[in-house]
Amino acid sequence: MKALVCELCGGNEFVKENSLFVCQNCGTKYSAEDAKKIMVEVDNSKKLSNLYERARKSIEVDDLEHAAEYYKEILDENPHDWEAYFYSYLGEFTTFTNSQAGSVADKLGNTIPSAYDMALEGCEISEAEKRIKLITTKTIARINGIAGSGASLLRQYEGGFILSAAGKVNSDLYSKLRPVAQNTIISCVLACDPLDNKLVEISKSGKGISEEVIKECLLIIRHAKYDMANLTFSPSAGVKEHMVKSEQIHEYALKIKELDSSFEEEVEVSKPTQRTAEQQRSLGKGFLITGCVLLALGLMGIATESIELMLIGLMPGMIFVLSGLVGLATANSMAKKERQQEHQNSDNENS
Ligand SMILES: [Zn+2]
C-alpha cells in the first residue's frame, strides 16, 4: 500500500487543507507536488491481518454488518479477494426498511454471483468446492431472511383481523403493505436466478467442480425459491393467497424435479369453501324465524294501526320468510347431493 510519510517526523496522518497536505503530527504543509515525493510504499500486512481477524470474528458471531465494514477495507487493498468481496456484499444493508427490502434482495442477486468466479481462482478444487457451498448457503439464508421480513409484515393482518371493529385503519394499512410485501417476496424469489445461472455456467465451464457439488448447491437455491414463492397469507378467515402466481410456482417445482425426480410438488387441493347442507339449513331456519318475528310485528302494526310497525314488519318479514324458504329448499337439494356423493365414495372404496 502507498501512503504519505512526513519527511520531518515520519507521521503518516495527513489532512488536506485547501490544496495543501498537512501532517497531523508536526503541522508541516506539503504542496501537491511535494506530496508526490513523500508518497512511499508502506508495509500494511499487519493492518490487513488485523482486519481479517476482526472480520472473521464478526462472521463467527453472525455479525454480518460489522464484518462487511472490515471486509470492505480489505477489499480496498485486495480487490480480488473472494472472501472480502463476498462478505462485503453479503453484509451490506443488513438493516433496511420494509420498502427497501426488495432492492436489498435485488442487489444480492446482482453482486454475489461474481463471488463464485473469484472463489474459483488460485486454489485446489476441494477448496473451491467448499467456498461455493459456503457462498450458496450463506446467500440463500440471507435472501430467506429478507423474504421472511416481507412475510411477517403481513402476518399481523392474518386471520381476518382486518375485519375487526378497528378494521378501517387496519384494512387501509393492509392494502398499503400488501404490495410492499409482495415486491419483497418476488424480489427474493428472482434474486435466486443469477445464482442458479452462474452455477450452471460454472458446471459447463469445465473448471473441475464436481457435478455433485453443483447439484447440491442448485437444490438449495431451487428449494428456497420454491418455498419463498409458496409463502401464503390469510388476510381473512378461510382465504389464503400466494404472492406469486401458481403457474410460476409450478415451474419452480419442475426445476427442482430436474435434479431430484423424487420431489413432490405440494399441490393444494382447492376446496371451495362451500357450505354444508347442515349449515345451509340452519341459515335458512334463521331467516325464516327472523321473517316470522318481523311479520308478527307487522301484524301488531295492523292491529294497533301503527304505520311504523307495519313498515318495519310486513315487507322485510316477507323477504326474510321467502329467503328462508329458498334457503331450506337449497339445503334439501344439497343434502341429497351430499348423500349421492357419499354413496359414490363408498362405491369407489368397495370397488
Ligand atoms: Zn510531520
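This is a predicted model: local features need pLDDT of at least 70, side-chain atom pairs count only at pLDDT 80 or more; totals for chains, interfaces and linings use all residues.

Colleague: At what angle do α4 and α6 pack?

Modeller: About 5°, with the axes 11 Å apart. Helix α4 covers residues 82-90 and helix α6 covers residues 125-155. Angles under 35 degrees count as roughly parallel, so α4 is roughly parallel to α6.

Colleague: Which residues meet there?

Modeller: From α4, Trp82, Phe86 and Leu90. From α6, Arg131, Ile135, Lys138, Thr139 and Arg142. By class, that contact has four nonpolar, one polar and three charged residues.

Colleague: Switching to α5. Where is the kink?

Modeller: At Thr111, shortly before Pro113. The kink is about 25°.

Colleague: Which α5 residues are buried?

Modeller: Among them are Val104, Leu108, Ile112, Pro113 and Tyr116. Ala101 and Leu120 are buried too.

Colleague: What follows α5?

Modeller: Gly122, with a positive phi near 60°.

Colleague: Last one, Leu48. Buried or partly exposed?

Modeller: Partly exposed, because it has 17 C-beta neighbours inside 10 Å, and buried takes 20 or more. Leu48 lies in helix α2, residues 45-60.

Colleague: What does Leu48 contact beyond its neighbours within four places in sequence?

Modeller: Ile74 and Glu77. Also, the C-alpha atoms of Leu48 and Asn78 are separated by 9.5 Å, and these two residues are 30 residues apart along the chain.

Note on methods. Residues are numbered from 1 along each chain as its sequence is written. Axes are lines fitted to C-alpha atoms, for helices over the stretch in contact, and angles run from 0 to 180 degrees between N-to-C directions. Helices (H or I, at least four residues) and strands (E, at least two) are DSSP runs, numbered from the N terminus. Angles under 35 degrees count as roughly parallel, over 145 as roughly antiparallel, 65 to 115 as roughly perpendicular and the rest as oblique. Two residues are in contact if their C-beta atoms, placed from the backbone, lie within 7 Å. Ala, Val, Leu, Ile, Met, Phe, Trp, Tyr, Cys and Pro count as nonpolar, Asp, Glu, Lys and Arg as charged, and the others, Gly among them, as polar. The bend at a residue is the angle between axes fitted to the seven residues ending there and the seven starting there. A residue is buried if 20 or more other C-beta atoms lie within 10 Å of its own, exposed if 12 or fewer, and partly exposed in between; C-beta atoms are placed from the backbone.
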